[in-house]
Amino acid sequence: MDATIAPHRIPPEMPQYGEENHIFELMQNMLEQLLIHQPEDPIPFMIQHLHRDNDNVPRIVILGPPASGKTTIAMWLCKHLNSSLLTLENLILNEFSYTATEARRLYLQRKTVPSALLVQLIQERLAEEDCIKQGWILDGIPETREQALRIQTLGITPRHVIVLSAPDTVLIERNLGKRIDPQTGEGHEEGCHRLGSELEDTGKEIYHTTFDWPPESEIQNRLMVPEDISELETAQKLLEYHRNIVRVIPSYPKILKVISADQPCVDVFYQALTYVQSNHRTNAPFTPRVLLLGPVGSGKSLQAALLAQKYRLVNVCCGQLLKEAVADRTTFGELIQPFFEKEMAVPDSLLMKVLSQRLDQQDCIQKGWVLHGVPRDLDQAHLLNRLGYNPNRVFFLNVPFDSIMERLTLRRIDPVTGERYHLMYKPPPTMEIQARLLQNPKDAEEQVKLKMDLFYRNSADLEQLYGSAITLNGDQDPYTVFEYIESGIINPLPKKIP
């Protein structure tokens, strides 16, 4: 069939299934692996890749200058994410690897490991079961552009790269305060003792004269100043780091985040954790199905209008749909009218039929929609899900009670001109106009309180049902709220931090 003459209509279930099961990303990852490894027989390779099911395991690189705390952050992330930590030290100290034996010999001779050998060690380590299943974190590697390019050539691709940054003066001061406990270095095998001492006192407890001083006087008295931490030596290391990092950073566009290390370590850690648990923007086709929830007066209608205007989504207001059905005297409208006349709630079954009729139209399926005014309770939310209208973005707009009362109870309308006013934000220009202003009965204080009580009575159940919902502060400039909503739509949903 010629699609230009008779366009194909894709059933709404198909893109929804693709989005929910990340089909696009699955195929993209598999294609990447095929092109990197180029197996002779692609079919068994793809089957093995699918069985691994490790596309989303952590693959993290943490870089930073000396004394930036990158090793501490890497260790904390490792423990939190249950991943494997890869450092120069533990790669070299692998006693079961011939490559590591050669690397140890060269390190003892030259105080450095050739890039080719280091990358080979990384490749061997990443092929082990724990790294494949649980993911990995590279601490301080790559140090140079050569190492970064060698790692990329082997198809080793991190999902997140973190670069810690702090002023050199701060880093030098931190380094000068380091102290080590010579009695806590017991833990390496005998053959590795010499190398362990060469590798920056690996395994020994590190303290700091300002930030982490031991309370026990016995430990204080035996602490030693480590080698290579003088101001001149630290400055030389920083100079070398700055010379290399500017050439490493361009190797990781779009996946790199710089975090200030000049703040409490816990704050650095949570910023890093939030980043590595986030998903990068994808090229997968995405049809927004947005649900806005919040009490009356929280700004749902305005935000829906802004989203519809910018992204051409269909603005679906449940209350407006019911009014239009009555005004147009449709079949459903005739059934709804008696409830309107008696000021009674429209039954859920009838409401859902009207809503289904609108959401099933082709513009909603193709462009996406932004829904507000429903669901008001858990029963309506379950009905929506059963009918297949599952939102892929849900936002709760939180506004304090006093702000809602201020927004709604001070609204007025001029019966002569139809102009709308607000006694605080948009007062009438003359006393004559003010004298004739009227208040909509729905904006009376008692009515507003009743609607707010009804919303908050059901909000906890709705929050539990929509576990991935994003909660926003709606008590701020509307365009600021819109920016937060916009960010929540165009970016993948963050993973919940335990």
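Two strands pair if DSSP finds at least two bridges between them. Helices (H or I, at least four residues) and strands (E, at least two) are DSSP runs, numbered from the N terminus. The structure described here is a predicted model, in which local features need pLDDT of at least 70, side-chain atom pairs count only at pLDDT 80 or more, and totals for chains, interfaces and linings use all residues. Residues are numbered from 1 along each chain as its sequence is written, and side-chain values use heavy atoms, with hydrogens and water left out.

The protein contains 24 helices and 14 strands. Its C-alpha trace spans about 90 × 65 × 35 Å along the principal axes. The radius of gyration, taken over C-alpha atoms, is 31 Å. A compact globule of 498 residues would have a value near 23 Å, by the rule of 2.2 Å times the number of residues to the power 0.38. Of the 498 residues, 40% count as buried. Here buried means under 20% relative accessible area, exposed means over 50%, and partly exposed lies in between (1.4 Å probe, protein chains only). The protein exposes about 28900 Å², an area from the Shrake-Rupley method with a 1.4 Å probe. Carbon and sulfur atoms supply 53% of this area. A contact means heavy atoms within 4.5 Å. Among contacts with a separation of 6 or more, 73% join residues 24 or more positions apart.

Strand 4 (residues 160-165) pairs with strand 7 in the parallel sense over 5 bridges. Within this pairing, Val163 has Val258 in strand 7 as its bridge partner.

Strand 9 pairs with strand 10 (residues 369-372) in the parallel sense over 4 bridges. Val314 stands opposite Trp369 in strand 10.

Aromatic rings were examined next. A pair of aromatic rings is described by the distance of the centres and the angle of the planes. Rings of Phe, Tyr and Trp (its six-membered ring) pair if their centres lie within 6.5 Å; planes under 30 degrees apart count as stacked, over 60 as edge-to-face and the rest as tilted. The structure holds 3 aromatic pairs. Phe269 and Tyr270 form an edge-to-face pair, at 5.2 Å centre to centre and 65° between the planes. Phe269 counts as buried because its relative accessibility is 7%. Tyr270 has 44% relative accessibility, so this residue counts as partly exposed. The ring centres of Phe455 and Tyr456 lie 5.1 Å apart with planes at 75°, so this pair is also edge-to-face. Phe455 is buried, with a relative accessible area of 11%, whereas Tyr456 is partly exposed at 37%. Trp76, Phe269 and Tyr270 form one aromatic cluster.
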